[in-house]
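Dear colleague,

Here is the structure I said I would hand over. Please open it alongside this message, and then read on for what was found.

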Amino acid sequence: MPKFVITGASGAGKSTLISALAAQGYATVPEAGRQIVAEQVLAQGTALPWLDRVAFMQLLFERSIAAFDRTASLADQTVFFDRSFVEAIAYGSVIGHAAPQAMLQAAEARRFDAPVFVCPPWKEIFTTDDERRHDFEFAARDYQANLAAYRTAGYELVEIPRVSVQQRVAFITGRLAHLQSFRPSNPA
């Protein structure tokens, strides 16, 4: 089953793109980071990017690995991930906390299909909210760390143009159409 990840900058339209792919009938996996933040805020927890960054990184990695592993049951379906465990490793470099060797090994044992799709920083659509409290400058630094982490892991990166959501979906599906392994789960 092909597994593709959409990475990039915070606030660059990844989650909107994932929702549009889901609406087209594709299997998708939402971003773990936003879920973690919402849960931690609700539970008054501390594994938050503005309180305990290392705990957030660890939880982000664990959740992302678990999400990847759960998709094994989706035989013969193409899956699109909104970010991945590679971002947890990249986040470590942003906060000055190197990823432990066990984390790197677990990531290496799990691979996404090529290419990795990248949503570049897009200031015109960037917003903050309850889960995204950082500014655009942090999003740009995090973006660079994400790209570096994927390149270090040996992934091919393809930038998604800053166009409408429908055009972004068409860009992705057009890019993958030539791959024999590309099979929509149930496109509308």
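A cavity here is a set of points, on a 1 Å grid over the protein atoms alone, where a 1.4 Å probe fits but cannot get out; grid points are joined across faces, edges and corners, and a volume is the space filled by probe spheres set on the points. By this rule there is one cavity of 30 Å³ or more, and the largest cavity has a volume of about 100 Å³. Its lining (residues with an atom within 4 Å of a point) is made up of 16 residues, of which Ala32, Ser64, Asp82, Arg83 and Ser84 are the closest to the centre. Helix 2 (32–42), helix 3, strand 3 and helix 4 each give two or more residues to this lining, and helix 3 gives the most, with four; helices (H or I, at least four residues) and strands (E, at least two) are DSSP runs numbered from the N terminus.

Please bear in mind that this is a predicted model, in which local features need pLDDT of at least 70, side-chain atom pairs count only at pLDDT 80 or more, and totals for chains, interfaces and linings use all residues. Residues are numbered from 1 along each chain as its sequence is written, and side-chain values use heavy atoms, with hydrogens and water left out. The pLDDT, the predictor's confidence in each residue from 0 to 100, averages 87 over the chain, and 88% of the residues score at least 70. Over residues 181–188 the pLDDT is below 50, although this stretch has 26 contacts (heavy atoms within 4.5 Å) in the model beyond near neighbours in sequence.

Turning to the aromatic rings, the whole structure holds 12 aromatic pairs, where rings of Phe, Tyr and Trp (its six-membered ring) pair if their centres lie within 6.5 Å, with planes under 30 degrees apart counted as stacked, over 60 as edge-to-face and the rest as tilted. The ring centres of Phe68 and Phe85 are 5.6 Å apart and the planes stand at 80°, so this pair is edge-to-face; it links helix 3 (residues 53–70) with helix 4 (residues 85–95), the two residues being 17 apart in the chain. Both Phe68 and Phe85 are buried, meaning under 20% relative accessible area, whereas exposed is over 50% and partly exposed is in between (1.4 Å probe, protein chains only). Ring pairs also link Phe61, Phe68, Phe81, Phe85, Phe112, Tyr150 and Tyr155 into a cluster.

With best wishes

Notes:
1 Å grid on protein atoms, 1.4 Å probe; cavity = no way out; pocket = protein on both sides within 12 Å on 5 of 7 lines; lining within 4 Å.
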